[in-house]
Amino acid sequence: MPRSSTGPAVVVLTAAALGVVGFLGYQAAATAPDHPTQARPGSHAAESKKKDKDGAASKQKSTALPAGSGTGVRIVYALGDKRVWLVGADGKATHTFQVGPSPASPDPGTYSVTSRNKGGVGSDGVQVEHVVVFHSEGGVVFGFSAAVDGSMPDPNARKRTGAVRESRADSAAMWDFAQVDTKVVVIP
């Protein structure tokens, strides 16, 4: 009876497939949320309307493009204001909006958009769209996206994720503006 030469190839391919499946299972388990709690849509807006001691709403922060935020076409992300500006070649903001950051934040500095993805599941387990990634550090991937269900990340979650969530309308504007290599300036 003749010997088949495909036997060893099948063994090698099966072992490789099992290794890939095992790795993907490990990766999924490592990035799944510890407990799937989500902040309510718009909860970041509630924080911005804190009352002063007289009960009046606090002054809103300026939406003007911060000085010293770079030059040329860029995305400016102000950590303290939880705000993003899309800036054209003329140095003027074409769009600005508030965002909801996750527990982890990138260090202030200049980055570039490294990848874009039309949709998927965020590191917090939420279905997202218009993913614009600009930095990765210590296993945390930082990027802008919108949750399909409109939710914002829980800034107090134990798991460190780098999602910077936008409304679906703002994420569409970001998606149109931010191409790979677009500069992202993160300021305090």
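Let's start with F134. F134 is buried, at a relative accessible area of 2%. Buried here means under 20% relative accessible area, exposed means over 50%, and partly exposed is in between, with a 1.4 Å probe and protein chains only.

A word on the source. This is a predicted model, where local features need pLDDT of at least 70, side-chain atom pairs count only at pLDDT 80 or more, and totals for chains, interfaces and linings use all residues. Residues are numbered from 1 along each chain as its sequence is written, and side-chain values use heavy atoms, with hydrogens and water left out.

Back to F134. F134 sits in strand β7; strands are DSSP runs of E, at least two residues, and helices are runs of H or I, at least four, numbered from the N terminus. Leaving out residues up to four places away in sequence, F134 touches P106, Y111, F142, F144 and V186, among others. Contact means heavy atoms within 4.5 Å. D181 is 47 residues away along the chain, yet the C-alpha atoms are separated by 8.8 Å.

Now the sheet. It is open and mixed, with 5 strands in the order β4-β9-β8-β7-β6. Pairing takes at least two DSSP bridges. β4 (100-101) and β6 (115-121) are the edges, each pairing on one side only. β4 runs antiparallel to β9, joined by 2 bridges. G100 stands opposite R165.

Next, helix α3. Residues 168-177 lie across β6, β7 and β8, at about 55° to β7. Axes are lines fitted to C-alpha atoms, for helices over the stretch in contact, and angles run from 0 to 180 degrees between N-to-C directions.

Last, W175, in α3. W175 is buried, at 12% relative accessibility. Its contacts include R116, H130 and V131.
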